[in-house]
Amino acid sequence: MPIAATADLLAAATADRRGLPAFNVITLEHAEAVAAGAEQAGTAAVLQISQNAVRYHGRLLPLARACAEIAAAAGVPLSLHLDHVEDLDLLHAAPAAGFSSAMYDASRLPHDDNVKSTAQAASWAHRHGLHLEAELGRIGGKEGEPPLSPHAPGARTDPAEAERYVADTGVDALAVAVGSSHAMTTRTAALDHDLIARLAAAVPVPLVLHGSSGVPDGQLAAGIAAGLVKVNIGTALNTAFTPAVRRHLAGDERVTDPRRYLAEGRAAMTAAVARLAAVVSSSGSR
């Protein structure tokens, strides 16, 4: 199946009033698990590579090209997305590397600088056929940041400010702060569904939820019903992968072939993807 464009997957999900699951990829096993799990769930999905993952590997193209091959061979539509990009050189490498979308993250900047920088990034992206996502509000738990309470001042996205932000920047999708946090390993986040509904009414582009791994299934379903479209999931794959590898190694101290324990981790991630993809893609009732 040809690699899908994220913009097309978002448009279809929005029209069908359902969510679009987007999974962060760190290793080849992550990408294989996303494809297999999405096929089991029978839904489209997004393969996401973050700037942090690129930094870990030292370069973009090897993992990007592997994801492209996996997406092209999948039995469901999969797109490629470059996530949480702060480095403009990396953003500029996205189209040639096969990505149809990227998330430009200027959320650490003061508001006016965020708007100016994001507008410039969106203008460049559109000239090069790239769908651009941005973030407004403070979604805590990013690498290098202390945990942030979702109730802290400025932690929630204001609908009126979001409407102005989208108009001023020209972005195609907006990640909003509505009660979740990055890198959560417990599913205890409570989303503000009334705020989501007000944001969806104010903002003319799809809303994106970051930090979804910490959100219980029922909260995710209600959030999508209220207006969320793209749902980013990363840590949930790692919390499935790592214990499975650890159990295998603990059960056989003589094992040295990484295929044995990586296969266990990949299978655990596949099951997590299949379950979460089904929750996200079947939850639209707004």
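Asp83 is buried (under 20% relative accessible area, with a 1.4 Å probe and protein chains only) yet takes part in no salt bridge, and its nearest side chain of opposite charge, Lys230, lies 5.0 Å away. A salt bridge requires a side-chain nitrogen of Lys or Arg within 4 Å of a carboxyl oxygen of Asp or Glu. For charge, Lys and Arg count as positive and Asp and Glu as negative, while His and the chain ends are not counted. The model is predicted, so local features need pLDDT of at least 70 and side-chain atom pairs count only at pLDDT 80 or more, whereas totals for chains, interfaces and linings use all residues. Residues are numbered from 1 along each chain as its sequence is written, and side-chain values use heavy atoms, with hydrogens and water left out.

**The chain overall**

- The protein chain contains 11 helices and eight strands, taken as DSSP runs (H or I of at least four residues for helices, E of at least two for strands) and numbered from the N terminus.
- Of its 286 residues, 55% count as buried.
- Among contacts (heavy atoms within 4.5 Å) in the protein chain with a separation of 6 or more, 72% join residues 24 or more positions apart.

**Surroundings of Asp83**

- Asp83 belongs to strand E3, which covers residues 78–85.
- Its side chain makes a polar contact with the side chain of Asn24 at 3.4 Å, and another, of 3.5 Å, with the side chain of His81.
- A polar contact is a pair of N or O atoms within 3.5 Å; within protein, one must be able to donate a hydrogen and the other to accept it, and residues adjacent in sequence count only if both atoms are side-chain atoms.
- Residues up to four places away in sequence aside, Asp83 touches Asn24, Gln48, Ile49, Ser50, Gln51, Met103, His210 and Asn232.

- Gln219 sits in helix H9 (residues 217–226).
- With a relative accessible area of 23%, Gln219 is partly exposed, a class that lies between buried and exposed (over 50%).
- Beyond its neighbours within four places in sequence, Gln219 contacts Ala189, Ala190, Leu191 and His193.
- A polar atom of the Gln219 side chain lies 2.7 Å from the backbone nitrogen of Leu191.
- Gln219 and Ala190 are 29 residues apart in sequence, and their C-alpha atoms are 6.7 Å apart in space.

**Helices H7 and H8**

- The axes of H7 (residues 159–169) and H8 (residues 193–202) come within 9 Å and cross at roughly 35 degrees.
- Pro159, Ala162 and Glu163 of H7 make the contact with Leu195, Arg198, Leu199 and Ala202 of H8.
- Axes are lines fitted to C-alpha atoms, for helices over the stretch in contact, with angles from 0 to 180 degrees between N-to-C directions.
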